Amino acid sequence: MARKPKNFMDYVPRRNKNFAWDEDKNGIVTVHIKWRGPYHKIATVLFHKPSESHIELDDVGSFIWRAIDGQKTVYDLSQMLEAQYPDMEQPVNRLVEFLKILHNNEFIVYNVPEK
């Protein structure tokens, strides 16, 4: 018997605990990446690359990042985004693309529901 594909809107994203982050007084989130490993050490020493990077999110990205708590589904996040930014064009598409970027860069992981 074939399995039904999982619905992405039922996934529950949670932040990767390996990345520190903070929020400024305006609510803008900055994610901090510490570069580790032998190649990064060589790049830091030989090419004067920074040992840490700081990724500053925009206001929408910061809103989504703060809303990711390991409990809310992608659908829940889309509803929150639509309520917060009612004039935004295609908020669900933006959310999905943003979550893809976060996942591809290992900033978040997904808890996939068992159905």
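E97 is partly exposed, at 42% relative accessibility, and its side chain meets that of K100 in a salt bridge with an N to O distance of 3.4 Å. The model is a predicted one. Across the whole structure, a search finds four salt bridges.

- K100 is partly exposed, with a relative accessibility of 42%.
- Side chains of opposite charge can pair when their charged atoms come close.

**Salt bridge between D58 and R94**

- A salt bridge joins the side chains of D58 and R94, at 2.5 Å from N to O.
- D58 is placed in the loop between β4 (52-56) and α2 (59-67), while R94 is in helix α4 (residues 91-104), so this pair ties together parts that are 36 residues apart in sequence.
- The relative accessible area of D58 is 37%, which makes this residue partly exposed.
- R94 is likewise partly exposed, at 35% relative accessible area.

**Salt bridge between D69 and K72**

- The side chains of D69 and K72 form a salt bridge with an N to O distance of 2.8 Å.
- D69 counts as partly exposed, at 39% relative accessibility.
- K72 has a relative accessible area of 23% and is partly exposed; the cut-off for a buried residue is under 20%.

**Packing of α3 on α4**

- Helix α3 (residues 74-84) packs with α4 at an angle of about 130°, and the two axes are 9 Å apart.
- At that angle, α3 is oblique to α4, because angles over 145 degrees would be needed for roughly antiparallel and 65 to 115 for roughly perpendicular.
- The crossing of α3 past α4 is right-handed.
- On the α3 side, the contact is made by V74, L77, S78, L81 and E82.
- On the α4 side, the contact is made by P91, V92, L95 and L99.

**Burial of α2**

- Of the nine residues of α2, seven are buried, so this helix is largely enclosed by the rest of the structure.
- The buried residues of α2 are V60, G61, S62, F63, I64, W65 and A67.
- Among the elements against which these buried residues pack are the strands β1 (12-15), β2 (20-23), β3 (29-34) and β5 (108-111).
- The buried residues of α2 also pack against the helices α3 and α4.

**Loop residues with positive phi**

- Q90 is a residue other than glycine with a positive phi, near 50°.
- Q90 sits in the loop between α3 and α4, and counts as exposed at 56% relative accessibility.
- E106, also a residue other than glycine, has a positive phi near 65°.
- The position of E106 is in the loop between α4 and β5, and this residue is exposed, with a relative accessible area of 53%.

Technical notes
Residues are numbered from 1 along each chain as its sequence is written. This is a predicted model: local features need pLDDT of at least 70, side-chain atom pairs count only at pLDDT 80 or more; totals for chains, interfaces and linings use all residues. Side-chain values use heavy atoms; hydrogens and water are left out. Helices (H or I, at least four residues) and strands (E, at least two) are DSSP runs, numbered from the N terminus. Buried means under 20% relative accessible area, exposed over 50%, partly exposed in between (1.4 Å probe, protein chains only). Axes are lines fitted to C-alpha atoms, for helices over the stretch in contact, and angles run from 0 to 180 degrees between N-to-C directions. Angles under 35 degrees count as roughly parallel, over 145 as roughly antiparallel, 65 to 115 as roughly perpendicular and the rest as oblique. A crossing is left-handed if the near helix is turned anticlockwise from the far one by less than a right angle, and right-handed if clockwise. Contact means heavy atoms within 4.5 Å.
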